[in-house]
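Hi,

Here is the structure I promised to pass on to you. Have a look at it first, and then read on for what turned up in it.

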Amino acid sequence: MAANPRQEAPHAAIELEELSLGWRDKVAVRDLGGTFPRGSLTALVGPNGAGKSTLLRGIMGWVTPLSGRICLTGDSAPAFMPQQGDFDRTFPISTHDFVAMGAWRRVGPWKGFGRSERDRLEHALQAVGLSDFGRRPLATLSGGQLQRALFARLMLHDADTYMLDEPFSAVDRATTEDLMKLLLDWNHAGKTVIVVLHDLDLVRRHFPQTLLLAGQCVGWGDTGEILTPENLHLARHLCAGDYL
Amino acid sequence: MRRALAGASALAMAAGPLGVFLVLRRMSLMGDAMAHAILPGVAVGFLTAGLSITAMTVGGMVTGLAVALLAAAVARLTPQREDASFAAFYLVSLGVGVLLISLKGGNTELLHVLFGTVLGLDDAALILVSATSSLALLVMALIFRPLVMECLDPLFLRSESNMGPVVHMAFLLLLVMTLVAGFQVLGTLMVVGIMMLPAAAARFWAASAMGQMALAAIGGVFASYVGLLLSYYANVPASPAIILSAGIVYFLSVTFGTQGGLWQVARQARARRLRLSRISGRDN
């Protein structure tokens, strides 16, 4: 669906044109084209090694395309939560200060953290259920609480597009449901949300759109139409290296 | 004596906070490596101009930066990791430095450079240490936020800004600068002690990075004071006395510190055992 990329495509938050991403010896994503419409809620699904993380990193500009283009529209760069960010969990910082990092785009290295920012921070902590945890050192948070803190930090970006790479992989059912609800709230508020997930049940319940990736596009569209046993089977084969 | 205290305190006030960042960035050993790496530059300065502060400082800066940049380059361009490349470069540097010094100087001069002359600080040295420390503290305050972020979550910083590499370089620069200024006070072998020991100790008392930095600075000044007193009354060399005082503070912190000190850990374990035995006692 690569229409006229030069003209205004106000309905598209992210547009991909025959995109190939990878490195010299390995192409992770091949010939991917399509759009993530503004305000859409898309699940990015596929077996391990399908190139999902690479795609998100490419959209962030961390991987240069081997060919093709990525067009981003909107006032702000996407906010991205990488897979299991390797940040230092034992660093001596309070949860409050850790979440406050999310305000960087507005506050930068030197601006003061004023009233409006503090209100936003309070609101974010409340939204994730960590209102009383502000003073606690980051190191004392449990896995689920840490994930909530990461969501709060992401929320502070106040970006138009949110991309999350396997945000629920190390988290229990209850926390997953709470955080999923948060993603739905963001989407209802008009944000474009893209989430890499392995839990297909979660995808079918909450995500209207799905991009099934297996090195190349297996299907991109309505979740019901895309997540068929045949497509999933095909995706598995493609990733296992059996090309049809 | 007052001058010695002033010089050592000025050094400690900048070295402590820097040391905290070294510890947080898991660069504790690299700090030591840097101190050794600056030796050939100091030696060259010494060989060309004798005990000239300026010459040795400039030489130290040049070599320190060279080692830092070369090691970083090797780590970036080859599969070699940063710690290994640093080890390689600093060891070579150390060897070259000791060789150069023993070529020209007699033993005393070598000792002076290696162990510092805190009791013989002249005006120029004192001004240099104070100026360097002030500058280091100022820059650290300026880049505090991105510096913390770069330690804590470098990927996040990278996604938000380009400041990462700049901050990284600035930090290395501050490190070299403080080490060079410090060698006149404590010598190249032990200057890292005043950087690392108070910082390592502060971790057992403060739960925030800021708190640790403040405590490390205070701890360093305290250790300088105690060390100088010790050297005066017990008639032992000053710089090892200072470092050993810092060491004693460290051991006390490991044992009695409120944030994970051994005594606290043992007490908590005992309280836990009591609670459990009470519960199981009740059930019986």
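In chain A, nine residues of domain 1 are in contact with nine residues of domain 2, where contact means that the C-beta atoms of two residues, placed from the backbone, lie within 7 Å. On the domain 1 side of this meeting, helix 6 (residues 173–188) of chain A gives the most, with four residues. Helices here are DSSP runs of H or I with at least four residues, strands are runs of E with at least two, and both are numbered from the N terminus. That side of domain 1 of chain A divides into six nonpolar residues, one polar and two charged. Nonpolar covers Ala, Val, Leu, Ile, Met, Phe, Trp, Tyr, Cys and Pro, charged covers Asp, Glu, Lys and Arg, and the others, Gly among them, are polar. The two domains of chain A are domain 1 (1–78 + 160–244) and domain 2 (85–158), with bounds from an automatic or database domain assignment. Their centres, taken over C-alpha atoms, are separated by 26 Å.

Before going further, please keep in mind that this is a predicted model, in which local features need pLDDT of at least 70, side-chain atom pairs count only at pLDDT 80 or more, and totals for chains, interfaces and linings use all residues. Residues are numbered from 1 along each chain as its sequence is written, while chains are lettered from A and ligands numbered from 1 in the order in which they are written. For the complex, the predictor gives an ipTM of 0.81 and a pTM of 0.83. Chain B has a mean pLDDT of 87, with 95% of its residues at 70 or more; pLDDT is the predictor's confidence in each residue, from 0 to 100.

Now for the chains themselves. Chain A has nine helices and nine strands, whereas chain B has 14 helices and zero strands. The C-alpha atoms of chain B fill a box of roughly 80 × 55 × 30 Å along the principal axes, and the C-alpha trace of chain A spans about 55 × 40 × 35 Å. Of the 284 residues in chain B, 49% are buried, and of the 244 residues of chain A, 40% are. A residue is buried if 20 or more other C-beta atoms lie within 10 Å of its own, exposed if 12 or fewer do, and partly exposed in between, with C-beta atoms placed from the backbone.

Where do the chains meet? There, 18 residues of chain B are in contact with 16 residues of chain A. Helix 8 (144–152), helix 9 (154–160) and helix 12 (209–234) of chain B each supply at least two residues to the chain B side. The largest share, five residues, comes from helix 8 of chain B. By class, this side of chain B has eleven nonpolar, four polar and three charged residues.

Eight of its nine residues are buried, so helix 8 is largely enclosed by the rest of the structure. Its buried residues pack against helix 1 (2–24), helix 9, helix 10 (163–186) and helix 12 of chain B.

Finally, the largest nonpolar core has 157 residues, and among those touching the most other members are Val99(A) and Val176(B). Such a core is a set of buried Ala, Val, Leu, Ile, Met, Phe, Trp, Tyr and Cys residues joined through C-beta atoms within 7 Å.

Enjoy exploring!
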